[in-house]
Amino acid sequence: MMSTDDQSAPDWQNAGYRHVWMPYTQMQTAPLPLPVVATEGVYLTLADGRKLIDGMASWWTACHGYNHPHIRQAVEEQLRVMPHVMFGGINHEPALRLAARLAQLTPGNLNRVFFADSGSVAVEVALKIAVQFWLNRGVTGRTKFVSFQNAYHGDTTGAMSVCDPDNSMHSHFKGFLLEQYSHPIPQTEAEHAAFESFLTSKKNEIAGVIIEPLIQGAGGMKFHPPESVSRIRSACNHQNVLLIADEIATGFGRTGTMFACEQAEVVPDLLCVGKALTGGTLSFAATIATDEIFDAFLSDNPTHALMHGPTFMANPLACAAANASLDLFETEPRIQRAKSMDGELSQLLAPCREIDGVIDVRTKGAVGVVQVRRLHNLERLRARIVEEGVWLRPFGDMIYMTPALSMTPEELRTLCEATVRAVQEWSTWSVEE
Ligand SMILES: Cc1ncc(COP(=O)(O)O)c(C=O)c1O
């Protein structure tokens with residue numbers, strides 16, 4: 001394992017690193033992670049006092065920047081009154097207020113909110129609801145899902161089963177996971193026709209189709225147009241198959257509208273949210289169902305109820321943070337900023353197009369992606385970016401950014417110019433074996 005006795009590392013890191021298991025990390029070879037001691041606005045402060053401008057917003061979550069005083073105050077007040085209480089048989093005001101606000105904010109008749117504690121769990125819940133929806137209606141055999149190539153829906157078992165099966169991240173688990181259908185996202189007339197005929201041929205076994213609308217995240221940061229989503233919705237309607245929109249990454253303004261589905265004028269049957277739900281403050285997520293889906297669970301038969309209930313569901317602290325985050329969407333111009341960031345990112349990252357090894361530069365809302373032919377010298381590039389005073393975490397074949405929606409044009413310029421310099425230098429390094 002990498003040495004934990006790094007002279008420059010703080011004592012707590014040298015003492016504790018040997019006991020922690022880091023995510024998505026080959027622990028034998030990975031360098032020590034950055035020791036972060038504080039966050040504020042769009043900055044991370046390292047143990048040695050350096051400040052990095054954060055281009056990731058902690059995996060798309062800190063949409064208002066870190067430590068927003070409004071969220072902090074709401075969480076502090078909630079902490080004094082009731083940090084947690086179980087949700088089975090008990091209600092509390094922060095959760096019910098949040099449910100009503102989410103029902104109001106989401107498109108169409110997405111009116112029933114099931115709270116979960118992480119995005120993956122929200123996806124698991126959506127899959128279970130979809131399967132049981134058909135059973136409760138007396139339809140058997142609909143237990144499969146269709147997802148799309150490059151899809152990523154989380155790391156738990158059901159969620160992994162609807163990730164792209166060819167994505168190397170989960171390829172070890174092929175024999176263990178339920179087999180689902182994976183299809184390319186249709187974009188041309190011919191592809192839409194092929195998708196629809198595929199659905200026709202399988203519809204009696206399909207419970208639902210699951211999509212990350214407009215931006216596929218961790219599976220490759222691939223974009224597709226709103227028309228793809230609206231025509232997938234139509235195909236699902238024609239074939240009487242449910243549509244699940246996983247907006248865990250795209251929700252809360254990231255694509256330039258509150259939800260990506262709005263750009264496609266689509267109302268999914270189930271909508272998953274997470275990540276930025278609490279403004280990046282606490283782990284929280286939700287699965288939101290239409291009235292029609294919810295009604296299928298109403299019955300005199302107790303077995304028609306949804307048997308799911310995470311211990312910490314609807315945690316009052318998380319609900320308070322989420323309510324405060326929604327306040328900020330009302331009082332601060334987040335959506336406008338996400339829209340304007342698109343043009344800025346596109347302009348500021350454009351110089352990357354000229355760099356050897358870069359094969360694409362694309363932006364959508366507050367997301368910027370520089371895709372390369374092969375991301376060689378990955379750790380060296382990561383370190384180089386940090387030297388520039390920036391925090392990004394390139395992976396796969398891309399260097400990508402999902403900054404806070406509160407980032408100013410000047411901060412965004414600093415972030416992008418540093419990124420361009422780092423990528424330029426990276427392109428001159430000889431390719432390691
Ligand atoms: C689209 C999408 N779905 C699901 C998840 C899983 O969420 P979590 O990591 O909170 O379990 C993610 C996380 O990156 C995601 O981007």
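Trainee: Which cysteine sulfur is closest to the sulfur of Cys63, and how far away is it?
Mentor: This is a predicted model, and the distances are computed from it. A disulfide needs two cysteine sulfur atoms within 2.5 Å. The sulfur of Cys63 is too far from its closest cysteine sulfur for a bond; that sulfur belongs to Cys319, at 16 Å.

Trainee: Is Cys63 buried or exposed?
Mentor: Buried means under 20% relative accessible area. Cys63 has a relative accessible area of 1%, so Cys63 is buried.

Trainee: What is the distance from the sulfur of Cys163 to the closest cysteine sulfur, and what is the relative accessible area of Cys163?
Mentor: The closest cysteine sulfur to that of Cys163 is in Cys272, too far for a bond, at 12 Å. Cys163 is buried, and its relative accessible area is 3%.

Trainee: How many disulfides does the structure hold?
Mentor: A disulfide is a covalent bond between the sulfur atoms of two cysteines. Cys63 is too far from its closest cysteine sulfur for such a bond, and so is Cys163. For the structure, the number of disulfides is zero.

Trainee: Which residue of the turn between β1 and β2 has a positive phi?
Mentor: Strand β1 covers residues 36-40 and strand β2 residues 43-46, and they pair in the antiparallel sense over four bridges. Glu40 has Tyr43 in β2 as its bridge partner. Two residues lie between the strands of this hairpin, and the turn residue with a positive phi, about 60 degrees, is Gly41.

Trainee: Which residue of the turn between β2 and β3 has a positive phi?
Mentor: β2 pairs with strand β3 (residues 51-54) in the antiparallel sense over three bridges. Leu44 has its bridge partner in β3, namely Leu52. This hairpin has four residues between its strands, and the turn residue with a positive phi, about 95 degrees, is Gly49.

Trainee: Which strands stand at the edges of the open sheet?
Mentor: Four strands form the sheet, with mixed pairing, in the order β1-β2-β3-β15. An edge strand has a single partner strand, so one side of it is left without a neighbour in the sheet; here the edges are β1 and β15 (390-391).

Trainee: Which residue does the side chain of Arg337 make a polar contact with?
Mentor: Arg337 lies in helix α12, residues 334-349. Its relative accessibility is 12%, so Arg337 counts as buried. The side chain of Arg337 makes a polar contact, at 2.9 Å, with the side chain of Glu344.

Trainee: How many residues around the ligand are nonpolar, polar and charged?
Mentor: The residues around the ligand include Ser118, Tyr152, His153, Glu212, Ile248 and Ala249. Sorted by class, the shell has three nonpolar, five polar and three charged residues.

Terms used: Residues are numbered from 1 along each chain as its sequence is written. This is a predicted model: local features need pLDDT of at least 70, side-chain atom pairs count only at pLDDT 80 or more; totals for chains, interfaces and linings use all residues. Side-chain values use heavy atoms; hydrogens and water are left out. A residue is near a molecule or strand if one of its heavy atoms lies within 4 Å of it. Ala, Val, Leu, Ile, Met, Phe, Trp, Tyr, Cys and Pro count as nonpolar, Asp, Glu, Lys and Arg as charged, and the others, Gly among them, as polar. Two strands pair if DSSP finds at least two bridges between them. Buried means under 20% relative accessible area, exposed over 50%, partly exposed in between (1.4 Å probe, protein chains only). A polar contact is a pair of N or O atoms within 3.5 Å; within protein, one must be able to donate a hydrogen and the other to accept it, and residues adjacent in sequence count only if both atoms are side-chain atoms.
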